[in-house]
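The sequence and the model are shown first.

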Amino acid sequence: MANADCIVLQGGNMAEAHPVGFQWVSEAKARGAKVIHVDPRFTRTSAVADKHIPIRVGSDVALLGALINYVISHDLWFKEYVVAYTNAATIVSDEFRDTEDLGGLFSGFDPTTGKYDPSSWSYADADGSGVGGTGDDEGHNKSGTASGEMAGSGGAPLEHSGVQRDETLQDPRTVFQILKRHYSRYTPEMVQEVCGISADDFTYLAKAITENSGRDRTTCWGYATGWTQHTLGAQFIRTAAILQLLLGNVGRPGGGIMALRGHASIQGSTDIPTLFNLLPGYLPMPTVGLHDTLPEYLDAIASKKQKGFWADADRYFISLMKAYFGDAAQADNNWAYDYLPRLSGPHGTYQTTVGMLAGDVEGYFVLGQNPAVGSANGRMQRLAMAKLKWLVVRDLSLIESATWWKDSPEIASGELRTEDIDTEVFFMPAATHVEKAGTFTQTQRMLQWRHQAIRPPGECQSDMDFFYQLGARIKELVADSTDEVDAPLQAVTWDYPLDEHGDPVPESVLQEINGYRTNEQGERELLSGYPELKADGSTSCGCWIYSGVFAGGQNMSARRVPRGGPNPAQNEWGWAWPADRRILYNRASADPDGKPWSERKKYIWWDEEQGKWVGDDVPDFPVDRAPHSRPDPDLGGPAALTGDDPFIMQADGKGWLYAPKGLVDGPLPVHYEAQESPVRNPLYVQQQNPARMIFAREDNLDAPSAGMPGVEVYPYVFTTYRLTEHHTAGGMSRWLPYLSELQPEMFCEVSPALAQERGLVNDGWATIVSPRAVIEAKVLVTDRMTPLTVAGKTVHQVGLPYHWGVGGTDAIVSGDAANDLIGVTLDPNTQIQESKVGSCDVIAGRRPRGAASLALLASYNERAGVTTETDNIRITDPEAELKDPAPKDDPNRDKEGWSQF
Amino acid sequence: MSIDEHSVLGHQLHGPTDPAADAHWQVHKSRKGFFTDTSICIGCKACEVACKEWNRNPRDGDLELTGWSYDNTQALGASTWRHVAFIEQDRERIEEARESGRQLVSLGMPTVGPPAKTPEAATDSAIAAGADTSAPDTPEFRWLMASDVCKHCTHAGCLDVCPTGALFRTEFSTVVVQPDVCNGCGTCVAGCPFGVIQRRSDGTVEPTTGRGEQKGQQPEVEKKGIAQKCTLCYDRLLDDETPACAKTCPTTSIKYGDHTDLVDIARDRVAQLHEQGLTEARLYGANELDGVGGTGAMFLLLDEPQVYGLPPDPRVPTADLPVMAKRAGMAVAGMVTAAAIAFLGAR
């Protein structure tokens with residue numbers, strides 16, 4: 001980031017939520033970079049930015065789409081880069097229909113399942129039919145739909161890399177032309193209408209990013225949960241990716257889109273995942289019925305005929321099975337493939353919660369989270385936990401998730417009575433980060449080793465020690481079992497060397513992750529990187545992308561040369577996956593001939609004499625593949641990559657402006673309104689993301705959106721966020737005096753205009769009501785909140801930090817939880833809840849206590865006429881959206897969406 | 001005994017000086033200090049927390065929201081040795097600040113950068129360089145953040161009035177309390193022109209009831225009743241370590257180092273901001289001719305000092321000591337003369 005000439009921070013509050021990482025923004029600014037903050041609120045980030053642009057929450061696709069339109073229509077896109085390195089020239093199947101044709105839907109939507117069949121989105125094959133995904137016949141197409149939980153994260157597979165391209169970009173079915181048409185209605189006027197951003201502010205932003213992109217300059221974007229926590233969060237990020245590809249800002253120093261991760265090693269927890277649908281290294285979890293055999297599973301990850309490194313997924317997977325099951329994984333038992341559990345559907349946090357309420361889930365481990373405070377619709381979470389047989393909470397303190405059975409709001413309201421709850425709660429004290437050794441993986445994919453400073457006190461244990469002991473005891477329990485279900489537990493390797501305290505040696509776990517080969521003498525030799533992995537069972541590797549972190553027997557993550565050494569890539573500090581590359585896809589930092597785009601942005605280039613790629617970083621490309629090399633595409637895998645295919649993990653080697661596969665809610669991002677919105681979607685007939693995951697339940701009601709009766713009952717928009725002084729749900733900060741005193745009480749932030757409208761006074765109390773809950777907060781009246789004019793009317797936004805909770809033992813500060821207000825409606829790709837936008841009312845004064853609080857909620861919902869159907873209709877206007885698409889040459893085609901409005 | 005204009009018992013009371021030498025350190029280190037550049041502060045308060053952690057100071061907030069923007073600490077005190085102020089300003093106030101800063105430049109005040117660089121000249125050179133000279137800050141609104149700390153004055157009022165010798169000038173020219181010598185008399189509290197030094201109460205107020213039973217409770221507070229303030233991490237300095245607040249600051253808003261270097265850095269930074277059209281930038285504490293002889297901890301401010309709760313013209317009370325002593329001497333002499341005349345006249 002320090003190398004950027006312009007930094008746009010949007011969908012995040014970097015200075016507050018990532019103050020340490022913000023040093024790089026400060027450094028870039030000191031070197032002359034322009035910093036722009038696009039955010040509903042004026043935050044501590046805005047305070048040190050060159051400009052703050054207020055935006056209505058949830059409208060980012062409209063703004064980014066308009067920037068795409070600006071870049072294309074002003075001819076400011078980076079032509080050589082786009083033509084050579086992206087799929088702009090690729091031709092799309094003629095079965096594809098855009099939202100332009102269908103009033104806001106893409107082709108393939110099934111209103112009964114609420115899912116898309118993405119087959120019509122595919123690239124055109126040489127014979128005119130689509131280039132489908134591998135395994136489609138038995139795979140995705142069997143059910144006619146795709147589900148977000150089934151894809152790994154390595155880019156969607158293609159049967160092969162033989163696609164049609166028109167490098168003049170003139171064919172109307174090229175990605176470029178589709179893109180151009182798709183975003184033509186995203187105009188500055190529309191930005192004003194949708195986002196509440198003035199034409200001047202839009203022009204400022206558009207000029208800033210285009211003047212700071214190209215051969216000599218780069219612009220970078222940084223986002224956080226302000227983009228992800230929406231019913232179309234993945235598409236927010238996709239829009240930015242399209243824009244950055246058009247501007248040539250990917251794979252180059254000072255470019256990119258930085259996913260600012262929320263806590264230490266959240267990146268690590270997706271690499272070696274705590275997610276239900278992924279195995280380590282972004283290998284997908286097998287799905288029952290689709291991946292019943294190993295060949296079916298491997299085919300679904302990647303075809304051997306597609307380009308790039310995913311074609312070697314069999315090597316990564318079989319090495320993983322060797323790490324899991326050791327000698328029990330052999331060729332004749334398909335490397336113990338049948339020992340892996342199978343998915344039967346999305347088993348995310350919220351589906352699990354619903355499962356608890358239905359009595360389907362007996363036990364629950366709560367580790368490093370505080371769902372009673374931190375998850376959406378907190379009441380639903382707490383009532384669900386009350387249905388469990390047992391609950392294990394491992395934390396530093398007795399957080400609300402461990403004590404809800406005696407002090408939750410539901411105890412106060414009488415909905416729960418302690419004596420009626422059968423859940424057995426176990427609290428296990430956890431060690432803090434200074435009391436254990438291991439790695440953190442941060443937002444740059446960098447692993448940094450931390451040493452243990454002191455032993456944990458008393459019975460406190462690290463997660464590693466806890467799970468090692470738990471695993472050892474379970475293995476002991478099932479040691480003599482003859483039940484087939486216990487076979488995986490009996491087979492799993494659990495042989496870590498122990499230290500003098502009986503705990504596993506942390507380095508040994510990192511070595512297992514790094515991987516090793518067993519030589520003829522039966523000795524283990526550590527691998528130096530994932531290219532050494534084999535599919536014949538001779539190598540073992542716990543996470544292929546981490547292979548090399550222990551290369552040569554050295555713990556590379558523990559490297560700490562001050563400032564990372566003299567190299568501009570600072571690569572003597574820690575270790576970045578994969579293969580210690582600091583910038584991914586860095587082949588794109590050179591032009592198609594292999595020369596740097598400019599002296600100023602020189603990073604990786606082709607050295608003709610040496611016949612290899614050289615530069616400041618580890619080249620993210622086959623190191624001896626010449627820029628003009630054009631290998632036979634039928635080779636498949638890395639061997640098929642041409643010299644100008646920088647995106648080596650994509651099935652066609654190109655950056656995807658258009659995603660023919662991989663996303664379940666459309667190949668191009670579309671602006672839809674949030675689940676709850678006081679604004680009609682001005683861009684399309686379709687109001688909300690049609691493929692969003694809906695939980696239409698009495699305990700999860702939604703406020704009426706614009707155009708529905710009762711919308712005036714919940715007239716304001718709220719958004720939730722973090723403060724520097726606290727850590728998420730507060731488990732690591734509300735128990736600490738030095739942090740608690742800095743932000744002692746739950747508060748809401750409102751503009752002076754809203755304060756006047758509702759009689760709120762600074763430092764007084766306010767009650768906030770959503771269809772899910774009633775909470776109270778102190779009031780901060782501030783000009784940092786700006787009322788926006790959207791579609792001709794004023795939209796007031798209410799800011800709510802979410803760090804406080806009710807209950808917990810010995811918390812220094814407590815307060816009502818903002819997340820209680822949030823409903824559960826999810827992004828279908830990621831299963832993330834929409835916690836950044838909701839509708840509410842605000843009234844002066846404190847909330848009623850006990851059961852009176854529920855009565856107030858009920859009276860609101862009655863007045864608004866809320867039912868489980870409210871906002872849960874998938875197709876806004878079936879008449880307009882589901883009819884046959886207009887012929888291509890229909891001159892009114894582009895206006896389709898408007899005529900219905 | 002003759003009374004020097006500047007000193008008492010060989011100790012200089014105001015004007016430029018080398019404080020450690022003035023305090024009779026035969027061998028001493030170069031003067032250390034802070035330069036807090038508030039223009040790049042992100043208000044994270046890591047300095048407040050790092051300071052309390054290192055110095056083991058107790059929590060002293062009453063755990064209630066103040067309603068003062070994000071400032072719930074409010075002021076420096078016996079247990080809060082770094083304090084981050086948050087000030088929200090509208091366009092009118094920003095323009096006033098810009099204008100008042102511009103006037104400081106045209107007055108040629110030594111506090112704001114090299115006098116050769118007038119704003120006009122700076123702007124001309126910037127235009128010549130093709131730079132964007134429009135003032136980059138959001139014009140409608142701004143949010144100032146500034147981390148305050150003990151100033152470690154060249155002439156420290158607290159030290160000069162301390163009757164027990166608990167306060168002393170270190171070899172780094174900083175001012176430090178020895179808690180085992182301090183008897184809690186409180187003279188220093190009145191002696192500080194910045195209101196920095198305070199006596200430590202029990203560190204808490206009465207527990208608040210109704211919202212969390214643990215509120216207000218914490219372990220027994222040490223050094224109760226003793227005057228306390230920032231030591232510029234004297235213990236860390238002795239080990240050649242950076243003070244905790246500067247070490248933790250993620251944006252280098254708090255810079256630590258040799259005082260003379262910091263003055264240069266500070267002046268360059270003001271000049272740079274002025275070139276960018278941010279004429280509201282000005283230095284505080286870098287003028288050795290001010291009422292405290294300049295401070296060890298300096299600040300770059302974006303508005304007038306009083307906006308941040310800093311006195312605009314601090315003056316060490318003992319600065320007037322020679323004059324007072326002279327006047328008292330004259331008065332005594334006058335009275336003696338008058339008595340003598342009266343006595344002689346009566347004869």
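In this predicted model, 44% of the 347 residues of chain B count as buried. Chain B contains 10 helices and 12 strands. Its contacts can also be considered by how far apart the partners lie in sequence. Among contacts in chain B between residues at least 6 apart in sequence, 71% join residues at least 24 apart.

Attention may now turn to where the two chains meet. Chain B contributes 34 residues that are in contact with 38 residues of chain A. On the side of chain B that touches chain A, the elements giving two or more residues are the helix α2 (46-55) and the strands β4 (82-90) and β5 (141-149) of chain B. Of these, α2(B) gives the most, with 5 residues. Sorted by class, this side of chain B has 12 nonpolar, 11 polar and 11 charged residues.

Is helix α17 of chain A, residues 400-407, mostly covered or mostly uncovered? The helix is mostly covered, as 6 of its 8 residues are buried. The buried residues of α17(A) are E400(A), S401(A), A402(A), T403(A), W404(A) and W405(A). In an α-helix there are 3.6 residues a turn, so residues three or four places apart point the same way. What, then, covers the buried residues of α17(A)? The covering elements include the strands β12 (363-367), β13 (390-395) and β14 (424-429) of chain A, together with the helices α15 (371-374) and α16 (378-385) of chain A.

Conventions. Residues are numbered from 1 along each chain as its sequence is written. Chains are lettered from A and ligands numbered from 1 in the order in which they are written. This is a predicted model: local features need pLDDT of at least 70, side-chain atom pairs count only at pLDDT 80 or more; totals for chains, interfaces and linings use all residues. Two residues are in contact if their C-beta atoms, placed from the backbone, lie within 7 Å. Helices (H or I, at least four residues) and strands (E, at least two) are DSSP runs, numbered from the N terminus. Ala, Val, Leu, Ile, Met, Phe, Trp, Tyr, Cys and Pro count as nonpolar, Asp, Glu, Lys and Arg as charged, and the others, Gly among them, as polar. A residue is buried if 20 or more other C-beta atoms lie within 10 Å of its own, exposed if 12 or fewer, and partly exposed in between; C-beta atoms are placed from the backbone.
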